[in-house]
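Hello,

Here is the structure I promised to pass on to you. Could you open it alongside this note and follow along?

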Amino acid sequence: MSSSKVPVRELIAWELDEYPYRDAAMSDRREEFANQVDRARQRLTARERHTSCPALLAEETKTINHLLAECTRSSALHAEYEGLDWRLGIVDLRCLLAFQRRLVFSARQHTSPSPEPDDWPQLISLTIGLQRSTEHHFVRNASATGDLDISLLSRNPDLQLRLSPNAGRSGHSPLSLYGGSPFFEAAELRGRWFLRDGYHRAYRLLQAGVHRVPAVVIYARTIEELGATEPWFFSEQQLFSDRPPRLMDFLDEDLVLSYRRTALRKVIRIRIEEFLQAFDETAEVQGEET
């Protein structure tokens, strides 16, 4: 049985990472791929050096501050960005850099029409009001020992099993499913502005000619707070180079490689073991009791 394929758009004008799916897709077109990379790098070399482009739009933010103020009261926002310096504002997508190399699209995903420019209620709904899906498929795995062994299968790659905020309260499960941050995020670090989260939505909006977007604006103090730390992202050296990758580059066919990759799904496997152990009632219970 053959695996289903999904479309990928990858920025190739910068140093490439190790990615077996790209190599497999281009295995019978190596010369064509090498030529395309050369052309992309030549195009990048001819581009002007990066200059500071403040992405936060003060006047537009002030205009809809009453709408953003309502969103700011969301407990989900405060929980998501606890410990970070953040606010809500309008950003210009054309000024954002990209630390994500690839956009991977669902073959079955049907996107709804993008909001009109300046339709702030609809844009807020798209960027701040969404909820990430925790939909999953439950499978019981065979266990030689008879212990409970289950898997949760999901198309959402960011699905996580977390300790529930209500853990320890009577009648509440200690664990809950989390679908990932639903918020559109821009971040500033060392004078440069980046798209932190929301790449697929940003790509669709730019395709539709919408470039002013409500977002959670984070003032990052470290590359870790920026979030650009995964090995499949562009390196810090590339992000702070003279010609860093831009969000707008995903729309430039001269800088992008398009191919199809095997579809992947998120698997969370849970194995529960039951056993008895000695317990001294006079001894202090160690660890956090919930």
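Below is what I found, starting with the whole protein and ending with a few single residues.

This is a predicted model, in which local features need pLDDT of at least 70 and side-chain atom pairs count only at pLDDT 80 or more, while totals for chains, interfaces and linings use all residues. Residues are numbered from 1 along each chain as its sequence is written, and side-chain values use heavy atoms, with hydrogens and water left out.

**Overall picture**

The protein has 9 helices and 13 strands; these are DSSP runs numbered from the N terminus, with helices being H or I of at least four residues and strands E of at least two. It has 290 residues, and 38% of them count as buried. Buried means under 20% relative accessible area, exposed over 50%, and partly exposed in between (1.4 Å probe, protein chains only). The accessible surface comes to about 17700 Å², and carbon and sulfur atoms account for 48% of that; the areas come from the Shrake-Rupley method with a 1.4 Å probe, and for residues only the protein chains shown count as cover. Taking contacts between residues at least 6 apart in sequence, 78% join residues at least 24 apart, where contact means heavy atoms within 4.5 Å.

Strand β11 (residues 212-219) is mostly covered, with 6 of its 8 residues buried. Strand β2 (residues 86-92) runs antiparallel to β11 and is joined to it by 7 bridges; here leucine 88 has valine 216 as its bridge partner. Strand β9 (residues 185-189) runs parallel to β11, with 4 bridges between them, and glutamate 188 stands opposite tyrosine 219 of β11. β9 also joins β10, this time antiparallel, through 5 bridges, with leucine 189 opposite arginine 192.

**The three-stranded sheet**

A second open sheet has 3 strands in the order β4-β1-β12, and its pairing is antiparallel. β4 (102-104) and β12 (256-262) stand at the edges with a single partner strand each, so one side of each has no neighbour in the sheet. On average, neighbouring strands here are turned by 25 degrees against each other, direction ignored. Strand β1 (residues 5-11) pairs with β12 over 7 bridges, and proline 7 has arginine 260 as its partner.

**Helix α7**

In α7 (residues 199-207), the buried residues are Tyr199, Arg201, Ala202, Tyr203, Leu205 and Leu206. Their cover includes β1, β3 (97-98), β4, α6 (120-127), β10 (192-197) and β11. After the helix comes glycine 209, with a positive phi near 85 degrees.

**Single residues to look at**

Arginine 212 lies in strand β11 and is partly exposed, with a relative accessible area of 24%. Leaving aside neighbours within four places in sequence, arginine 212 contacts Leu57, Glu60, Ile90, Val91, Asp118, Trp120 and Leu123.

Aspartate 118 lies in the loop between β4 and α6. Its phi is near 70 degrees, a positive value in a residue other than glycine, and at 40% relative accessibility it is partly exposed. Arginine 190, in the loop between β9 and β10, has a positive phi near 50 degrees and is exposed, with a relative accessible area of 51%.

Enjoy looking through it, and write back with any questions.

Best wishes

Methods: Pairing = 2+ DSSP bridges. Axes fitted to C-alpha atoms, helices over the stretch in contact; angles between N-to-C directions.
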